Amino acid sequence: MALELVLADRRRFPLDAELSIGRSRASTVQLADPSVSRIHARIRPGGGGDAVLEDAGSTYGTWLDGRRVDAPTPLRAGARIRVGEQELVVARRPGDAEAGATIVVPTADGTTRLGGSPRLRTGYALKRLEAAEGDRRWVLKDLRSGQFVRLSTADAELLPLIDGSRSVAALIAAAGRLQGEAGPERLTVLLAALAERGLLSGVAGTVDVPAARGWRRLLAARTRSWSGASAFFARLYAGGGGRLLTRPGLVVLVVLACTGLAAFFALIAGRYGTPFIVASKAGIGGVVFVLGRLAVAAVHETAHGLVMASFGRAVREAGFKLVLVFPYVYVDTSDAWFEPKRRRIAVSAAGPVSDLCLGGAFALGCLAAPAGAVRDVLFQVACGAYVGAFFNLNPGLDRDGRHIAVDLLRPRALRIATVAWALAGLAVGVALTWRYEAVLSGVAPLGVVIAVMAALWLLLLVPVITTLRRRTG
């Protein structure tokens with residue numbers, strides 16, 4: 001089994017050759033710590049691909065898994081080595097088909113202009129995903145902006161060349177030596193992609209959307225962000241939220257979602273409830289619907305953050321957005337791109353699943369409650385949760401459903417799914433128009449009812465129009 005030594009700062013050293021650990025510059029692994037001897041310990045290759053640890057006459061001794069090393073001792077994956085005050089970890093080195101460890105390069109002060117010697121800017125993280133991800137299995141993240149770039153293995157092979165020590169001409173020549181005729185062209189495309197996202201030192205990216213001016217500022221989203229979200233979700237997961245993600249917890253959620261959906265259909269079939277109507281008043285009903293939708297959205301985003309915490313991934317930030325008069329809650333789960341496909345799908349699916357579970361809980365409560373304002377309120381919140389689930393699962397919108405579909409479907413299948421989902425939405429729109437037009441006309445002006453229905457139909461048609469434009473574009 002191939003092993004590697006992992007330091008606290010995430011540097012990694014393969015254990016396929018002899019290496020020394022110590023404070024001296026002559027050490028293979030240099031540790032700037034006065035508690036570490038100049039040459040503190042050595043690791044030598046053993047038989048059968050194993051590695052052996054031995055003390056090199058250090059002052060304070062070498063410790064392996066809490067025991068002092070008095071003789072050459074074999075190492076295994078997961079073992080912990082202590083030299084002075086430093087702890088090192090032995091890890092299994094992943095094979096070429098497996099996901100690799102995330103390589104983090106912290107942000108450093110000072111930059112150099114692109115000029116004639118391009119250099120990859122500090123402040124990035126690079127990770128190799130598992131082979132099942134296909135050719136573009138490398139993810140490069142800008143730690144400043146949070147933007148990601150998906151790279152092929154050939155692209156990732158060129159990254160170490162972009163270190164500021166070569167002119168553009170020398171870079172092209174090096175790419176040609178490394179990858180043949182395809183190297184220079186691939187390098188050119190890679191440099192353009194990195195420059196566009198501001199990942200080259202001294203080059204401002206062009207991906208950011210310019211600030212809105214004039215009347216367009218009215219349409220711009222107003223955001224209040226919260227940088228402490230990661231610690232909150234970690235505490236929430238450790239404090240009991242993780243129980244929802246166990247097998248019994250997931251079974252309970254599935255049962256709740258299914259029985260609740262059946263209860264909601266029973267309410268509709270029994271001709272109970274009207275969207276935006278509470279106690280026969282549209283104004284109160286509209287307020288209840290919007291507030292309920294906001295509360296459901298908050299739980300939706302919390303579900304994303306909780307699943308991220310279960311995978312040990314940080315939430316970059318969370319916050320509140322206001323677009324026109326519509327409030328939104330958001331959680332940045334972009335670090336999910338460092339996870340395998342099945343985990344990315346789990347993070348994306350967590351939100352719609354929470355919508356379905358909340359909708360189910362309120363639908364069951366509505367079915368059990370006696371007629372009256374409370375029952376109307378329960379119906380509004382359940383309706384809002386199901387509307388949210390429907391739109392969040394839509395593969396034609398840039399929401400959870402599209403993120404799931406991109407990981408599961410090929411481009412043609414994705415287009416078909418988008419059109420099919422939109423047609424299903426149109427069918428729902430027709431049913432809603434037929435079911436509620438007469439009821440809504442009784443409590444609101446006909447013009448308002450027609451405007452609301454027209455907006456609903458247009459919203460349902462957007463994914464179809466977008467898909468057809470992509471197909472013909």
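How many bridges join S10 to strand S11, and in which sense do the two strands run? Let me start there. There are 4 bridges, and S10 and S11 run antiparallel. Keep in mind that this is a predicted model.

Stay with that pair for a moment. S11 covers residues 86-92. S10 covers residues 80-83.

Now the side chains of S10. In a regular strand, side chains alternate between the two faces of the sheet. S10 does alternate. Ile81 and Val83 point to one face, and they are buried.

S10 has another partner, strand S7, residues 62-64. The pairing of S7 and S10 is antiparallel, over 3 bridges. Here Leu64 has Ile81 of S10 as its bridge partner.

On to S11 and strand S1. S1 spans residues 3-6. S1 and S11 are joined by 4 bridges and run antiparallel. Within this pair, Leu5 stands opposite Val90 in S11.

Next, the cysteines. The structure holds 0 disulfides. Take Cys357: the nearest cysteine sulfur belongs to Cys258, and that sulfur is 8.9 Å away. The cut-off for a disulfide is 2.5 Å between the sulfur atoms, so Cys357 is in none. Is Cys357 buried or exposed? Buried, with a relative accessible area of 7%. Cys383 also counts as buried, because its relative accessibility of 9% is under the 20% cut-off.

Last, the whole chain. The chain has 473 residues, and 39% of them count as buried. There are 11 helices and 18 strands. The accessible surface comes to about 25,300 Å². Carbon and sulfur atoms account for 62% of that surface. Now the contacts with a separation of 6 or more: 56% of them are between residues 24 or more positions apart.

That is my tour. Questions are welcome.

Definitions and conventions:
Residues numbered from 1 in each chain as written. Predicted model: local features only at pLDDT ≥ 70, side-chain atom pairs only at ≥ 80, totals over all residues. Heavy atoms only, no water. Buried < 20%, exposed > 50% of the residue type's maximum accessible area, 1.4 Å probe, protein only. Pairing = 2+ DSSP bridges. Contact = heavy atoms within 4.5 Å. Areas by Shrake-Rupley, 256 points an atom, 1.4 Å probe, with all protein chains shown as cover.
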